[in-house]
Amino acid sequence: MAAERIMRVLKKGDLEGIVAIDTKITNQNRREYYARKIDTITDPERSINTSIVAELDGKVVGFIMGDVYFGEFGIPETSATIDTLGVDPSIQNKGLASELLDQFMMNMKAAGVNKVYTLVNWDDFALEKFFSRHKFVPSKRINLEFQMP
Ligand SMILES: CC(C)(COP(=O)(O)OP(=O)(O)OC[C@H]1O[C@@H](n2cnc3c(N)ncnc32)[C@H](O)[C@@H]1OP(=O)(O)O)[C@@H](O)C(=O)NCCC(=O)NCCS
């Protein structure tokens, strides 16, 4: 029987599944970061939950986390960010991230978002290629940083 693949809104109980995928990808345990992040994105008082997970036979195998901003940070338009995108390495290259991104974009369009931003490390060529194939281009905004002495 074919495996059942579904996309649905991310919920609090997805924490362990997401941390497991992230650990496989990054070799780090970022449980605290994800716990905080998931608390924020699932809190209806603080934001609209736009984040999505992909499930395969009931197991979380991929996720996309983002946020919507209504004229914040001096940006006059309604915009969104994609903060994290991850797919279990055992099922990469099967179109899962593309499906997650398509679904996210459909939701953003429905929410009236004009522009979607994401940050990619300059040397993360695979992720950069993925976004480029999905029509993302370098932004006019530049990312500034200050190294604390
Ligand atoms: C980048 C990433 C999200 C892509 O996930 P994915 O599910 O493999 O993505 P897709 O399958 O949609 O696309 C990947 C490639 O597979 C190919 N592909 C898509 N559908 C396919 C299919 N049905 N059969 C074969 N190949 C396919 C695409 O051509 C695509 O090529 P591209 O990379 O040149 O765009 C994934 O590699 C990942 O999680 N990387 C780590 C990202 C990271 O560091 N995140 C932060 C920590 S979680």
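Colleague: Which residues does L100 touch, not counting residues up to four places away in sequence?

Modeller: Two residues are in contact if their C-beta atoms, placed from the backbone, lie within 7 Å. By that criterion L100 touches M7, I52, A54, G62, I64 and L85. Please keep in mind that this is a predicted model, in which local features need pLDDT of at least 70 and side-chain atom pairs count only at pLDDT 80 or more, whereas totals for chains, interfaces and linings use all residues. Residues are numbered from 1 along each chain as its sequence is written.

Colleague: How many residues has the largest nonpolar core, and which have the most contacts inside it?

Modeller: In soluble globular proteins, nonpolar side chains tend to be buried together. A nonpolar core is a set of buried Ala, Val, Leu, Ile, Met, Phe, Trp, Tyr and Cys residues joined through C-beta atoms within 7 Å, where buried means that 20 or more other C-beta atoms lie within 10 Å of a residue's own, exposed means 12 or fewer, and partly exposed lies in between. Here the largest such core has 21 residues, and those with the most contacts inside it are L10, I52, V53, F63, I64, L100 and F104. Two or more residues each are given to this core by α1 (15-26), α2 (31-41), β2 (52-56), β3 (59-70), β4 (78-87) and α3 (96-110), these elements being DSSP runs numbered from the N terminus, with helices (H or I) of at least four residues and strands (E) of at least two.

Colleague: How many bridges join β2 to β3, and how many join β3 to β4?

Modeller: Two strands pair if DSSP finds at least two bridges between them. Five bridges join β2 to β3, which run antiparallel, and A54 stands opposite G62 in β3. β3 and β4, also antiparallel, are joined by nine bridges, with V68 opposite A80 in β4.

Colleague: Where does N27 lie, and is N27 buried or exposed?

Modeller: Most residues other than glycine have a negative phi. N27, in the loop between α1 and α2, has a positive phi of about 60° although it is not a glycine; N27 is exposed, with 7 other C-beta atoms within 10 Å. K135, in the segment after α4, likewise is not a glycine and has a positive phi, of about 70°, and K135 is exposed, with 7 other C-beta atoms within 10 Å.
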